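Have the sequence and the 3D view at hand as you read.

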Amino acid sequence: MTQDKTKNWDQYGEYLALDTLLDIQKPWSADKATGAFAHDEMLFIIFHQTYELWFKQILFELDDVQMRLGRPVVDDCDMQPIVKHLHRVVEILRLLVRQLDILETMTPQDFTDFRDHLKTASGFQSLQFRLIETRLGLRREDRLLFNHCQYDAGYCPASQTAINTAEHETTLFDQIDKWLARTPFVDRDDYKFWDSYRAAVHTMLDGREAMARHAVDGDILDRELAAIARNRTKFDSIFNKDADTSSSPSSSWRLSWRALQAALFITVYKTEPALQGPASLLGHIMDIDAAMSQWRYRHALMVQRMVGMNVGTGGSAGYGYLMQTLEKHRIFTDLFALSTYLIPSHARPPLPQTISNQMGYRYGTTG
Ligand code: HEM
């Protein structure tokens, strides 16, 4: 049997299915007679294909993270893989943002040379991107209306079904909410984080008020006291269960009240050994939200550079639509908003010794 000497992929090529992978770049601007195509369309295709591969990897990591977080009890041993896989998602997303530098070596004129050949094909129809958003927790009702009237412009029936299925499954947001709400130590008979934090906040604000009264008077004092009063109201809004949580219809929070308390508890005491894993997990979730936003912003700017104020090939308003998704499609903003309620470390209430002992691993020397 003769071997094809033009192909020397050997097992490397077979393992990676390179024959298939390297044969799937088919520019639509190719001339039927000569095969010649717009030079930059090759970059455009490879670019989108690499994105789709990375999207596949992100979904694969989310499968694992969601499987572990979906268990009734999240074992300590699960924390390391959860944190590791979320971190990987963060780094992939950051790469996808940086990668746009390469696409921007294509000029708007280069893009115009083949744009019409794309017909109605648009990144908006990327099923995997939509699934990532949905799996993370972007709800249909929170989505910006595409084309002023539709959520699902241009998806084929199979994609529609996959999206509908994902929308009915438990999202990462829901899992994080439930996992936070189960955090031990926060609300016990012998210790209530909320009471201790509220007392510390009042002590801190009372101290500021006393200092202001001692140091200044007149208009300056009035302004200081007004600022302290605003601070008290701000803190009261989170301490009061009925004031502003997801259980209240007027709420600006999406996380449940117990989850919010736990997230603040983890953030405040993040150096305690038992809270280091959970604090890393929350940090990666915020990084994912931030990297998605950075991608949206960079993509929108690139779209404006390439097509100006033209409508998109998928039929949206283009740049205008994409810039609005930047704010509207964020998912974990509650975790960012919690920073409003941090207090300086010196004012932080110390943990009772019993709680601290239970959260730490202490190894002494023997002999
Ligand atoms: C020259 C380069 C690009 C242009 C001009 C462009 C243009 C657009 C436009 C105008 C939209 C809005 C929907 C529409 O009306 O079509 C859109 C959406 C989208 N594009 Fe791109 N795009 C480019 C590159 C990319 C790349 C490399 C990706 C990576 C997969 C991508 C992924 C997406 C996604 C996921 C959406 C949906 C965003 C959302 O609805 O929030 N695009 N694009």
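**Spaces and a ligand**

Sorted by class, the largest cavity is lined by six nonpolar, two polar and three charged residues. Here Ala, Val, Leu, Ile, Met, Phe, Trp, Tyr, Cys and Pro count as nonpolar, Asp, Glu, Lys and Arg as charged, and the others, Gly among them, as polar. Before going on, note that this is a predicted model, where local features need pLDDT of at least 70 and side-chain atom pairs pLDDT 80 or more, while totals for chains, interfaces and linings use all residues. Residues are numbered from 1 along each chain as its sequence is written, and side-chain values use heavy atoms, with hydrogens and water left out.

Back to that cavity (on a 1 Å grid over the protein atoms alone, a set of points where a 1.4 Å probe fits but cannot get out; lining residues have an atom within 4 Å of a point). It holds about 90 Å³ of space, where a volume is the space filled by probe spheres set on the grid points, joined across faces, edges and corners. Among the residues lining the largest cavity are Asp 289, Arg 296 and Arg 330. H13 supplies the largest share of this lining, five residues; helices are DSSP runs of H or I with at least four residues, numbered from the N terminus.

The second largest cavity has a volume of about 40 Å³. Its lining has seven nonpolar residues and no polar or charged ones: Tyr 51, Phe 55, Leu 93, Leu 96, Phe 129, Met 292 and Trp 295.

Now for the ligand. Elsewhere, a polar side-chain atom of Tyr 321 sits 2.7 Å from a ligand oxygen, and a polar backbone atom of Gly 314 is 2.8 Å from an oxygen of the ligand.

Notes
A polar contact is a pair of N or O atoms within 3.5 Å; within protein, one must be able to donate a hydrogen and the other to accept it, and residues adjacent in sequence count only if both atoms are side-chain atoms. On a 1 Å grid over the protein atoms alone, a cavity is a set of points where a 1.4 Å probe fits but cannot get out, and a pocket is an open set with protein on both sides within 12 Å along at least five of seven lines; lining residues have an atom within 4 Å of a point. Helices (H or I, at least four residues) and strands (E, at least two) are DSSP runs, numbered from the N terminus.
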